[in-house]
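Biologist: I've got a model open and a handful of questions about it. Mind if we go through them together?

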Amino acid sequence: MQGSAVPFQKILETLREKLRDFNLSESSVRRDLRYMRDKLGCPIVYDKKECGWKYTSPFKFPSKSFSQDEILFLHLLKRVIAQHSSQDVFYKSFLSILENIIPNQKRDENETSKIYDRFFIPARAKPLIDKDVSEKILYAIKNNFIVDFYYNSKWEPNEHHRKILPYQLVLDEGSLYLYGASWNDKENPRLFNLSKIHNIQVISKSTFKLPSNFRFHEDSEQGRFCAFQYDDYFDFKIEFYGDARKSCHEYVWSDNQVLKENQKENKTILTFTTSQWIPVKKWLLSFGCDVKPLEPDWFVEDWKKTLLEMIKIVRSS
């Protein structure tokens with residue numbers, strides 16, 4: 001209770017009785033008390049005068065309010081986070097938080113543990129991020145410091161030096177991106193994949209003022225094709241055939257999408273507006289011959305050019 005110290009021996013004897021574990025050691029209980037104080041943030045102290053432990057303020061364990069189903073979902077969330085995890089500080093922190101709030105239960109081998117085995121989350125590719133990149137970017141964002149690094153862009157053959165005002169960190173399908181603007185071109189912010197950032201340094205000599213439009217994803221964006229945004233918006237019109245027709249109905253690809261079925265010609269026509277043309281292109285190529293873009297014209301020509309280059313590679317192999 002708050003304000004009343006409980007002798008350690010009484011705590012030990014009570015736990016042994018409640019847990020029906022009369023071999024529970026003093027060292028285990030002392031370790032648990034330190035864990036409660038240092039990891040779970042419990043406001044407990046050891047009072048030397050009263051020779052016991054006590055709360056300095058009211059406290060409730062987070063897990064006390066969790067149902068059995070919620071505890072199950074926390075364990076599944078931990079698996080999902082671990083699936084995306086690299087040695088990056090963010091994912092490691094996510095896992096650490098979950099480990100601190102998930103109750104440490106002894107699962108019954110014949111009952112409780114069975115439900116955990118009914119869920120499977122397959123492994124997936126994990127991003128490789130240089131050590132300290134995330135930590136330094138997070139430090140710069142907290143303090144509005146400029147970051148200096150070398151970047152290996154997909155659009156340029158060699159690494160280039162960058163000085164960036166860090167606006168936001170963007171988490172997208174397990175990958176991490178920095179959204180920011182060049183210190184000499186503040187009107188054109190862009191995304192930087194953390195996996196492509198090397199030799200990063202934080203310039204802490206001065207700070208910058210965060211602009212009002214610092215957010216990556218503006219409300220006007222209607223497409224749902226992950227972390228990519230271009231300056232201009234385009235109206236897309238795409239025909240789907242065969243098995244690809246089913247995919248059109250399984251997701252919302254854009255907030256303004258319209259689906260029309262043509263059963264006579266066995267095709268589905270999808271129209272929507274987005275600036276995210278590169279992810280759209282990758283998405284359509286994944287369907288092979290079961291898809292054909294109709295609009296915009298420049299996108300159709302770019303798609304055809306890519307197909308011809310693929311055919312050329314196949315023929316030359």
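Biologist: Which residues is Ser 134 in contact with, leaving aside its neighbours within four places in sequence?

Modeller: Bear in mind that this is a predicted model, so local features need pLDDT of at least 70 and side-chain atom pairs count only at pLDDT 80 or more, while totals for chains, interfaces and linings use all residues. Residues are numbered from 1 along each chain as its sequence is written, and side-chain values use heavy atoms, with hydrogens and water left out. Contact here means heavy atoms within 4.5 Å. With that cut-off, Ser 134 touches Asp 88, Val 89, Phe 90, Ile 129, Leu 176 and Leu 194.

Biologist: Which strands does H6 lie across, and at what angle does it run to S8?

Modeller: H6 covers residues 133-143 and lies across strand S4 (145-151), strand S5 (160-172), S6 and S8. For the angle, axes are lines fitted to C-alpha atoms, for helices over the stretch in contact, and angles run from 0 to 180 degrees between N-to-C directions.

Biologist: In what order do the five strands of the open sheet come?

Modeller: Two strands pair if DSSP finds at least two bridges between them. The pairing in this sheet is antiparallel, and the edge strands, each pairing on one side only, are S7 (185-193) and S8 (197-207). Neighbouring strands are turned by 40° against each other on average, direction ignored. The order is S7-S6-S5-S4-S8.

Biologist: How many bridges join S5 to S6?

Modeller: One landmark in that pairing is Gln 168, which stands opposite Tyr 179 in S6. The hairpin of S5 and S6 has two residues between the strands, and Glu 173 takes a positive phi near 50° there. S5 and S6 run antiparallel, and the bridge count is eight.

Biologist: What is the bridge partner of Tyr 177 in S7?

Modeller: S6 (residues 175-182) and S7 pair in the antiparallel sense over five bridges. The partner of Tyr 177 in S7 is Asn 193.

Biologist: How does H3 lie relative to H4, roughly parallel or roughly antiparallel?

Modeller: H3 (residues 68-84) and H4 (residues 89-101) pack at an angle of about 165°, with their axes 9 Å apart. Angles under 35 degrees count as roughly parallel, over 145 as roughly antiparallel, 65 to 115 as roughly perpendicular and the rest as oblique. So H3 to H4 is roughly antiparallel.

Biologist: Is the crossing of H8 and H9 left-handed or right-handed?

Modeller: H8 (residues 277-285) and H9 (residues 297-316) pack at an angle of about 50°, with their axes 11 Å apart, so the two are oblique. A crossing is left-handed if the near helix is turned anticlockwise from the far one by less than a right angle, and right-handed if clockwise. The H8 and H9 crossing is right-handed.

Biologist: What phi does Asn 199 have?

Modeller: Asn 199 is in strand S8, and it's exposed, with a relative accessible area of 56%. Although Asn 199 is not a glycine, its phi is positive, at about 55°.

Biologist: What about the phi of Asp 132?

Modeller: Asp 132 is placed in the loop between helix H5 (112-116) and H6. At 32% relative accessibility, Asp 132 counts as partly exposed. Asp 132 isn't a glycine either, yet its phi is positive, at about 75°.

Note on methods. Helices (H or I, at least four residues) and strands (E, at least two) are DSSP runs, numbered from the N terminus. Buried means under 20% relative accessible area, exposed over 50%, partly exposed in between (1.4 Å probe, protein chains only).
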